[in-house]
Amino acid sequence: MLLLTPAQAAEVLQVRESWLRSRAAERRVPCCFVGKHLRFSRADLEAIVADGARPAGEAAPLRRRRSWLIRWFTRWAV
């Protein structure tokens with residue numbers, strides 16, 4: 001089994017390494033540790049891609065901060 005470093009995995013996934021590291025720290029993406037070193041397997045990368053895939057035209061859910069901001073702005077838009 002080939003294990004990739006966060007930098008290598010981020011390059012394969014075409015995302016920032018910091019994004020991948022923060023999601024792994026929050027346990028929001030599959031990963032493994034070799035001792036204290038973060039690593040990603042091919043299965044981990046496939047799971048990340050599958051989890052992030054959405055049908056075309058389907059909007060991503062709004063984050064809580066944005067929905068709060070939208071309510072605040074629409075309150076003043078009257």
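Me: Is Arg 39 buried, partly exposed or exposed?
Reply: In this predicted model, Arg 39 is found in strand S3. A residue is buried under 20% relative accessible area and exposed over 50%. Because the relative accessible area of Arg 39 is 23%, the residue counts as partly exposed.

Me: Which residues is Arg 39 in contact with, leaving aside its neighbours within four places in sequence?
Reply: One of these residues is Leu 3, which is 36 residues from Arg 39 in sequence. In space, the C-alpha atoms of Arg 39 and Leu 3 are 5.8 Å apart. The contacts of Arg 39 are Leu 3, Leu 4, Thr 5, Pro 6, Cys 31, Cys 32, Val 34 and Asp 44.

Me: Is Val 29 buried or exposed?
Reply: Val 29 lies in the loop between H2 and strand S2 (32-34). Leaving out residues up to four places away in sequence, Val 29 touches Leu 20, Arg 23, Ala 24, Phe 40 and Ile 48. The cut-off for a buried residue is under 20% relative accessible area. The relative accessibility of Val 29 is 11%, so Val 29 counts as buried.

Me: Which element gives the most residues to the largest nonpolar core?
Reply: This core has 11 residues, namely Leu 4, Ala 9, Ala 10, Leu 13, Leu 20, Ala 24, Val 29, Leu 38, Phe 40, Leu 45 and Ile 48. Two or more of them come from each of H1, helix H2 (17-25), strand S3 (37-41) and H3. With 3 residues, the element that gives the most is H1.

Me: Which residues does Leu 45 touch, not counting residues up to four places away in sequence?
Reply: Leu 45 is one of the residues of the largest nonpolar core. Leu 45 is also among the residues of H3 that meet H1. The residues touched by Leu 45 are Leu 4, Ala 9, Val 12, Leu 13 and Phe 40.

Me: Are H1 and H3 roughly parallel, roughly perpendicular or oblique to each other?
Reply: The axes of helix H1 (residues 6-13) and helix H3 (residues 42-52) come within 11 Å and cross at roughly 40°. Angles under 35 degrees count as roughly parallel, and those from 65 to 115 as roughly perpendicular. The two helices, H1 and H3, are therefore oblique.

Note on methods
Residues numbered from 1 in each chain as written. Predicted model: local features only at pLDDT ≥ 70, side-chain atom pairs only at ≥ 80, totals over all residues. Heavy atoms only, no water. Axes fitted to C-alpha atoms, helices over the stretch in contact; angles between N-to-C directions. Helix = DSSP H or I, 4+ residues; strand = E, 2+ residues; numbered from the N terminus. Parallel < 35°, antiparallel > 145°, perpendicular 65-115°, else oblique. Contact = heavy atoms within 4.5 Å. Core = buried A, V, L, I, M, F, W, Y, C linked by side-chain atoms within 4.5 Å. Buried < 20%, exposed > 50% of the residue type's maximum accessible area, 1.4 Å probe, protein only.
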